[in-house]
Amino acid sequence: MVYNPLHRFLLEQRFDKAMCVLRNNSDREELAKIKVDGDLPLHTALRVEAPDDMVIALLECYPEAANIPGRDNLTAKWLAEEKKRSKSVMDLFRPSMANERLRTSERFSFLDGQGFGSAVRTSLEKILRKSMGR
């Protein structure tokens, strides 16, 4: 099987290199759509238990990947639930939260060199304030 660099680095659990591939690729959305052995990069990241920032970066590149079946007909959402991912990752799989977070101008916030934590936290705070009518 021939792997592209993103899949290869994910499978090798070299997540810093995988993140560099995303950061340095101007066509990152297309890269996130490439299936290898039936899996998108998001499926692969979840299967190898990549860190949250890697999963979030892949979801930001291609949000629709959450519901696309991969190998064994399993969706990324199912894999995330099965692997008991963090609340910050699981919240991104909820349609209302994913739309708020992933469809904003912050879509590729990981490119600015700052961590995801503050961007996710800020977006979640906005959603909570909005839902509470504040």
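Among contacts between residues at least 6 apart in sequence, 68% join residues at least 24 apart. The model is a predicted one. Its chain has 134 residues, of which 44% count as buried. The secondary structure comes to 9 helices and 0 strands, so the pattern along the sequence reads α-α-α-α-α-α-α-α-α.

The largest nonpolar core holds 33 residues, and Met54 and Phe93 touch the most other members.

| Helix | Residues |
|---|---|
| α2 | 15–23 |

The largest share of the core, 7 residues, comes from α5. Leaving aside residues up to four places away in sequence, Phe93 touches Leu46, Leu59, Ala66, Ala76, Lys77 and Ala80.

An α-helix has 3.6 residues a turn, so residues three or four places apart point the same way.

Arg28 belongs to helix α3. This arginine is buried yet has no salt bridge. The nearest side chain of opposite charge is that of Asp27, 7.8 Å away, whereas a salt bridge calls for a distance within 4 Å. A polar atom of the Arg28 side chain does lie 3.2 Å from the backbone oxygen of Asn25.

Methods. Residues numbered from 1 in each chain as written. Predicted model: local features only at pLDDT ≥ 70, side-chain atom pairs only at ≥ 80, totals over all residues. Heavy atoms only, no water. Buried < 20%, exposed > 50% of the residue type's maximum accessible area, 1.4 Å probe, protein only. Helix = DSSP H or I, 4+ residues; strand = E, 2+ residues; numbered from the N terminus. Core = buried A, V, L, I, M, F, W, Y, C linked by side-chain atoms within 4.5 Å. Contact = heavy atoms within 4.5 Å. Lys, Arg positive; Asp, Glu negative; His and termini not counted. Polar contact = N/O pair within 3.5 Å; in protein donor to acceptor, adjacent residues only side chain to side chain.
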